[in-house]
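Work through the following exercises with the sequence and the model at hand. Each task is followed by a solution in steps.

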Amino acid sequence: MRFKPPPLNSYIGWRVEFRPMDVQFTDFENAAFVVFIVLLTRVILTYNLNFLFPISKEKH
């Protein structure tokens with residue numbers, strides 16, 4: 001998983017990028033990872049989950 005910062009001068013916010021594992025021993029493990037990500041995204045969309053949280057600009 002990788003957090004991608006927003007491009008300069010853009011309205012797009014932070015993004016999360018899922019990447020396959022660096023070492024893929026078998027086709028089965030690669031397919032299992034892909035299926036897991038697909039199921040995870042369907043759960044997020046079905047339940048309309050929101051993982052955004054505010055980041056305060058104040059200094060304490």
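**Exercise 1: the largest pocket**

Strand β2 (15-17) and helix α1 (27-46) each supply at least two residues of the lining of the largest pocket. The model is a predicted one.

Task: State how much space lies in the largest pocket, which residues are closest to its centre, and how its lining divides by residue class.

Solution.
1. The largest pocket holds about 600 Å³ of space.
2. It is lined by 14 residues, and W14, R15, V16, F51 and L52 are the closest to its centre.
3. By class, the lining comprises 11 nonpolar, 2 polar and 1 charged residues.

**Exercise 2: the surroundings of E17**

Task: Locate E17 in the secondary structure, list its contacts beyond four places in sequence, and decide whether its pairing with K4 counts as a salt bridge.

Solution.
1. E17 lies in strand β2.
2. With neighbours within four places in sequence set aside, E17 is in contact with M1, R2 and K4.
3. The side chains of E17 and K4 make a polar contact at 3.4 Å.
4. A salt bridge requires a side-chain nitrogen of Lys or Arg within 4 Å of a carboxyl oxygen of Asp or Glu. The closest N and O atoms of K4 and E17 are 3.4 Å apart, and the pair forms a salt bridge.
5. This pair links distant parts of the chain: K4 is in strand β1 (residues 2-4) and E17 in strand β2, 13 residues apart.
6. The whole structure contains 1 salt bridge.

**Exercise 3: the annotated span**

Task: Which residues does the annotation "transmembrane region" cover, and what is the helix content of the span?

Solution.
1. The unreviewed UniProt entry places the "transmembrane region" at residues 31-53.
2. In the model, residues 31-53 are 70% helix and 0% strand.
3. The end C-alpha atoms of this span lie 32 Å apart.

Key: Residues are numbered from 1 along each chain as its sequence is written. This is a predicted model: local features need pLDDT of at least 70, side-chain atom pairs count only at pLDDT 80 or more; totals for chains, interfaces and linings use all residues. Side-chain values use heavy atoms; hydrogens and water are left out. UniProt positions are given in the numbering used here, feature names are shortened, and annotations may be inferred rather than shown by experiment. On a 1 Å grid over the protein atoms alone, a cavity is a set of points where a 1.4 Å probe fits but cannot get out, and a pocket is an open set with protein on both sides within 12 Å along at least five of seven lines; lining residues have an atom within 4 Å of a point. Grid points are joined across faces, edges and corners, and a volume is the space filled by probe spheres set on the points. Ala, Val, Leu, Ile, Met, Phe, Trp, Tyr, Cys and Pro count as nonpolar, Asp, Glu, Lys and Arg as charged, and the others, Gly among them, as polar. A polar contact is a pair of N or O atoms within 3.5 Å; within protein, one must be able to donate a hydrogen and the other to accept it, and residues adjacent in sequence count only if both atoms are side-chain atoms. Contact means heavy atoms within 4.5 Å.
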